[in-house]
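I opened this notebook to record what I looked up in one structure.

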Amino acid sequence: MKIQVLFYVIGIIFLFATVSYFAYNYLFRASDMIKTVQLVLLIVVFYFFGNIMEGKDI
């Protein structure tokens with residue numbers, strides 16, 4: 001297995017951990033619809049950021 005694949009997998013794990021932590025601590029009092037929209041937007045942003053980084057071999 002390539003080392004960059006290992007780092008990519010670890011990054012995805014930390015991504016989900018970060019999103020979960022953010023959702024639990026900072027969005028706890030928001031309505032369910034606002035929570036869902038913000039989490040989906042955050043995941044989409046991280047996805048595109050990851051694709052940009054992958055394309056530049058970072």
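My entries follow, beginning with the basis of the model.

**Basis.** I worked from a predicted model, in which local features need pLDDT of at least 70 and side-chain atom pairs count only at pLDDT 80 or more, while totals for chains, interfaces and linings use all residues. Residues are numbered from 1 along each chain as its sequence is written, and side-chain values use heavy atoms, with hydrogens and water left out.

**Largest pocket.** I noted 20 residues in the lining, that is, residues with an atom within 4 Å of a point. Phe-7, Tyr-8, Gly-11, Ile-12 and Gly-50 lie nearest the centre. Helix H1 (3-26) and helix H2 (32-55) each give two or more residues to this lining; helices are DSSP runs (H or I) of at least four residues, numbered from the N terminus. H1 gives the most, with 10 residues. By class, I recorded 13 nonpolar, five polar and two charged lining residues, with Gly counted as polar and Tyr as nonpolar.

**Residues of H1.** I next checked Ile-12, which lies in helix H1. Ile-12 counts as partly exposed because its relative accessibility is 34%, between the limits for buried (under 20%) and exposed (over 50%), with a 1.4 Å probe and protein chains only. The C-alpha atoms of Ile-12 and Ile-34 are separated by 23 Å, at 22 residues apart along the chain. From Tyr-21 to Val-45 I noted 17 Å, C-alpha to C-alpha.

Key:
On a 1 Å grid over the protein atoms alone, a cavity is a set of points where a 1.4 Å probe fits but cannot get out, and a pocket is an open set with protein on both sides within 12 Å along at least five of seven lines; lining residues have an atom within 4 Å of a point.
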